[in-house]
Amino acid sequence: MTSANRLAALGCAALVATTVAGCASATKAVTGGSSNNGPITMGTVNTTNVLDPAGAYDSGSWLLLDNVFQSLLKFPEDATSPQPDAAKSCDFTGSDALTYECTLRDGLKFSNGDPLSSEDVVFSIQRMLKINDPDGPAMLFSTVKSVEAKGDRGVVFHLKSPDAVLPAKLASAAGSIVDHQVFPADKLLSNDKMVGSGPYKIDSIEDLAGSQTHALGKVALSANSQYGGDVKLQNDKFVVRYYNASEDIKADLDKGGLDLVDSNSLPPATTAKLNDDQLAGKGDFKVTTGDSGDTRFLAFNTKDATAGNLAVRQAVAQLVDRKALARDAYAETVDPLYSLIPAGITGHNTAFFDKYGDPDVGKAKQILAGAKVQTPVPIKLNLASSSSRSADREINTLKKQLEDSGLFQVTLQQENDFQKYTQGWASGAYQAYLVSWSSDYPDPDDFISPLLVDGGTFHTGWNDPKVSQQLVPDGIKQIDRAAGGVYAQIQNSVADQVPLVPLFQSKSFYVSRGNVTGVENTVDATGVFRFWDIGRAKK
C-alpha cells in the first residue's frame with residue numbers, strides 16, 4: 001500500500017498510525033471483558049479515525065471494514081485466491097484481462113434494510129474514484145476505465161490495461177460495497193452513519209481519550225440481522241478497543257478487560273513470555289501463532305553518492321544476519337526473510353540467500369575491494385523513533401553487525417515524527433532507512449509493484465526498465481495467479497541490484513483468554529481477522 005498510514009500500522013515497528021480525514025462520533029460507552037455473557041472484546045494498537053471505505057486505508061479501519069461490509073469477493077480461511085462474497089460469481093470474459101463480470105447473489109440487504117443491487121456496487125467504485133481521498137485506497141483501482149450495471153444483479157468492469165489482480169483488490173476492504181441511498185457521492189460519511197451488509201453492524205463509537213487526531217477508542221458491533229452471506233457467527237456482539245500504547249493493552253488484559261489482543265499489539269518480549277508460559281502449562285492466556293504478510297526491509301537511496309554504489313549495497317546484504325536480528329531484537333517473534341514476497345504467498349523464493357548465503361565478512365570485503373571502495377564506509381542509517389524497545393534493538397543490532405565487520409562506520413539517525421520520516425525518504429534525504437510493508441491482499445504483485453516501479457513507495461530511486469516495463473506488466477496480466485515464474489525473475493533482479501534488503505517477516509501472535517475459541521481459524525496470511533469465528537467455550 002502506498003499510504004503512509006498503512007505502512008506505519010505494522011506491529012513489528014510499533015508505529016501507531018492514524019489518518020487525518022474524517023472524524024468519529026462519540027456516543028455511549030461500551031463495556032466488555034471476559035464475562036461469559038458479554039461481548040467478545042479485542043484490543044489493538046492499530047488505531048484509526050475514518051471508517052468510510054473511500055477514505056479508509058490503514059490496518060485499524062480495515063479490521064472493522066472486513067466485518068461490517070461485504071465485497072464482491074472475499075478471502076476465506078487460508079485462501080490465496082478470492083472467492084465469492086456478495087457476488088454469486090465473477091470471471092474475466094477473455095484472456096486479455098480487460099473485462100471482468102460479476103453476478104450478485106439474490107436477496108442481499110444492508111443492515112438498514114435497503115436492498116443491495118448492482119447500482120450500489122457501481123456507485124461504490126465510482127464514488128471512491130471521484131472522492132480520490134489522499135489517504136484512501138482509490139489508487140488500487142487506477143486500471144478501472146469504467147464500471148456498469150447490467151440489471152439489478154450484473155456488474156461489468158472495463159479496464160484501461162490488463163489487471164488480473166483486480167479480483168484480489170475487490171476482495172479487500174477497498175472493495176467494500178456501500179449503500180448509495182446513505183453515502184454521499186462526493187464526500188466521506190461520518191463514522192456514526194456507517195451502513196454495510198456484512199455479518200456485523202456498528203452500534204456505537206467512542207473517540208480515543210486524549211488523542212489529538214480523534215482516533216477511535218472503542219467500537220461496539222452486533223450481529224447484522226439482514227446479513228445474507230454464508231458465514232456463521234460464533235458470537236452476537238464484538239467490541240474493538242483501540243490503544244495508543246501496548247503497555248495499556250497488557251494492563252487491561254491482566255485486569256480482565258479484554259478477551260484477546262490482535263497481532264503484535266503486545267511487545268515481542270511479552271508475547272514470547274506468554275507463549276513460553278503456555279508451553280509450560282502455566283498462565284491464564286493462550287497464544288495463537290500464524291502466518292503474516294507484514295514484512296521489514298532496509299531501503300537504500302540509490303541516488304546517494306554512498307548508497308548509490310552497488311558494491312556498498314551488496315556488501316551490506318552480505319553482512320546482515322537475519323537470524324541474529326530475529327533472536328536478539330524480536331525474541332523469535334519474526335522469521336528471517338530472503339525475498340520481497342513472504343512465505344505463504346505465491347511467488348515466494350529465497351533470492352537473497354541463494355545469492356549471498358550466510359553472513360560472510362570475507363565475501364563482503366571482496367565485494368568492496370573489487371569495486372575499489374575504501375573502508376570503513378561511512379553510512380547513515382535512519383529509523384522512525386517509537387516506543388518499541390524491539391525497534392531500538394533492531395537498529396542497534398544492524399549497526400553492530402555492520403561495524404563488527406570492520407567495513408562500515410554507521411551513524412544512527414532517528415526521526416520523531418513518522419510523517420517527517422516519510423517525507424525524508426521521499427525527498428532523498430536519507431542514505432539507508434528501515435521500512436515496513438503490510439499487504440492489502442495476498443497476491444504477489446502487492447509485494448512487487450508498489451515497492452519497485454518508479455522507485456517504489458519507499459523512493460529508493462531504483463528503476464530497472466526490464467522489471468518495471470516488462471516483468472511487472474507480464475505478472476499483472478497473468479490470470480492464473482499461481483504461475484509465479486515472472487516473480488522469481490523480479491526478485492532475483494532485486495537480489496542482484498539491492499535497492500532493498502529484506503530483513504524479516506512478522507509472525508501473527510494473538511493472545512487470548514483461556515475460554516476464548518476460534519482464534520486459530522482466522523490467523524493466516526490473508527490478513528483478514530474474522531470476528532465471526534471467535535467465541536467462548538461453554539461452561
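**The disulfide, its sheet and the neighbouring elements**

Good morning. C90 and C102 form a disulfide, with their sulfur atoms 2.0 Å apart; a disulfide here is a pair of cysteine sulfur atoms within 2.5 Å. This is a predicted model, in which local features need pLDDT of at least 70 and side-chain atom pairs count only at pLDDT 80 or more, while totals for chains, interfaces and linings use all residues. Residues are numbered from 1 along each chain as its sequence is written, and side-chain values use heavy atoms, leaving out hydrogens and water.

By this rule the count comes to 1 disulfide. The pair links distant parts of the chain, C90 in strand 4 and C102 in strand 5, 12 residues apart. Helices (H or I, at least four residues) and strands (E, at least two) are DSSP runs, numbered from the N terminus. The link of C90 and C102 is right-handed, with 115° about the S-S bond. Are these two cysteines, C90 and C102, buried or exposed? Both C90 and C102 are buried, where buried means under 20% relative accessible area, exposed over 50%, and partly exposed in between, with a 1.4 Å probe and protein chains only.

An open sheet of 4 strands has the order 4-5-7-6, with antiparallel pairing; two strands pair if DSSP finds at least two bridges between them. Strand 4 (87-92) and strand 6 (144-150) stand at the edges, each with a single partner strand, so one side of each is left without a neighbour in the sheet. Neighbouring strands of this sheet are turned by 15° against each other on average, direction ignored. Axes are lines fitted to C-alpha atoms, for helices over the stretch in contact, and angles run from 0 to 180 degrees between N-to-C directions.

Strand 6 pairs with strand 7 (residues 154-159) in the antiparallel sense over 6 bridges, and V144 stands opposite L159 in strand 7. Helix 3 (residues 118-131) lies across strand 5 (99-104), strand 6 and strand 7, running at about 165° to strand 6; contact means heavy atoms within 4.5 Å.

Next, strand 10 (residues 237-242). Strand 1 (residues 40-44) runs parallel to strand 10, joined to it by 5 bridges, and V240 is the bridge partner of M42. Strand 9 (residues 216-223) runs antiparallel to strand 10, also with 5 bridges, and there L221 has F238 as its bridge partner.

Finally, helix 2 (residues 59-68) is mostly covered, with 10 of its 10 residues buried. Among them are W62, L63 and D66. Thank you.
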